[in-house]
Amino acid sequence: MICLIGTILKERYYVIERIGHGGGGSLYLARDMELGIFRAVKEIPIIKKKEVMLMQRLDHPAIPKIVDCVETEEDCYLIMEYIKGQSLEEILCSEKNFSIQETLARGKEITRVLEYLHNRKPPVCYGDLKPDNLMLSETGHLYLVDLGSAMFDHGKRKRICEGTKGYAAPEQYSAAEFSGRYTDVYALAAVTYRLVTGQVPVAAPQRKVRDSMENAHSLESGVPTYFSQVLTCAMRLDPAKRMQTVPELMSALTDPNVANAMFEKGDNQISTRKIMAVSLVVIFVLVVLLLWSLIGGSKADSTPVSTPQPTAAG
């Protein structure tokens, strides 16, 4: 990939500077010379041309609109609406951590746009959710930017989708595993963890060797215990043991009663499995004992009984 700074795309978009990187390519700031406004230019490898075509169909108020596309032999360049404001990462670096109320408010906005992507046909796994990719505009509107890592039709094919250390789920590091809605659940929990604690979670590969990630309440006493437990649950290394959708995660974070019901359900499921396992063992033992007694009884029935012979009188 070449540096675009100083070049003009399509004889219209003058590239001013690089403002970010991720999802397989750089993000640039450009000026639309016809309209006299700023645009964002996202660089995407040509091998993801199909994804680019699908991205152009997305229509959600929290996703910057794609207004044009430029294609070369090696790359595609998406010309997008430019969002002027600050990323959540920039806000975290310049200010203190987010309060629980602020975090939940932003979390609900993120949930709505992720749910929109997950319900598309084909469904879309965003794949690189992080504070850097969440832009708060000057009017206070939250945008999900940089869809360069998005994976379409994730339920039917396998591939490693790009992610960022600390926010990427463990299945994103393996071509042998599926990514799906639960992958974005992990990332949303990781982003929430970062907002309320100020700390980036321990990277998934490191956690698989030794899980040293502290819970959110330990790092920030103002984080409610139930809230911290929900985040831990949503960031489990095994995808099957997490919440499977972002609305489930947000409901549990928002309402302690929902969270407690979820924990109780999980405990009951574990208890039921244990009870079933013990029951099967008991049934097996009883069957063995029954068979043993039947075999033993049949042997006893088949043993001839000796009749005493009369003796002659002397």
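Student: What makes the reach of helix α4 (residues 181-197) close to the one expected at 1.5 Å a residue?

Tutor: In this predicted model, α4 has 17 residues and spans 24 Å from its first C-alpha to its last. The expected span is 1.5 Å times one less than the number of residues, and for α4 that comes to 24 Å, close to the reach we have here.

Student: What makes α4 mostly covered?

Tutor: A residue is called buried when its relative accessible area is under 20%. In α4, 16 of the 17 residues are buried, hence "mostly covered".

Student: And what comes just after α4?

Tutor: That's G198, with a positive phi of about 80°.

Student: Let's move to helix α2 (residues 88-94). Why does E89 count as buried?

Tutor: E89 sits in α2, and its relative accessibility is 17%. The cut-off for buried is under 20%, so at 17% E89 counts as buried.

Student: Which residues is E89 in contact with, leaving aside its neighbours within four places in sequence?

Tutor: P131, D132, Y167 and R194. For contact, heavy atoms must be within 4.5 Å.

Student: Why is the link between E89 and R194 called a polar contact?

Tutor: The side chains of E89 and R194 are joined at 2.7 Å. A polar contact needs a pair of N or O atoms within 3.5 Å, one able to donate a hydrogen and the other to accept it, so the 2.7 Å pair falls inside that limit.

Student: Now a sheet. How do you know that β7 and β9 pair?

Tutor: Strands pair if there are at least two bridges between them. β7 and β9 (residues 134-137) have 3 bridges, in the antiparallel sense.

Student: How many helices and strands does the protein chain have?

Tutor: There are 9 helices and 11 strands, and buried residues make up 44% of the 314 residues in the chain.

Key:
Residues numbered from 1 in each chain as written. Predicted model: local features only at pLDDT ≥ 70, side-chain atom pairs only at ≥ 80, totals over all residues. Heavy atoms only, no water. Helix = DSSP H or I, 4+ residues; strand = E, 2+ residues; numbered from the N terminus. Buried < 20%, exposed > 50% of the residue type's maximum accessible area, 1.4 Å probe, protein only.
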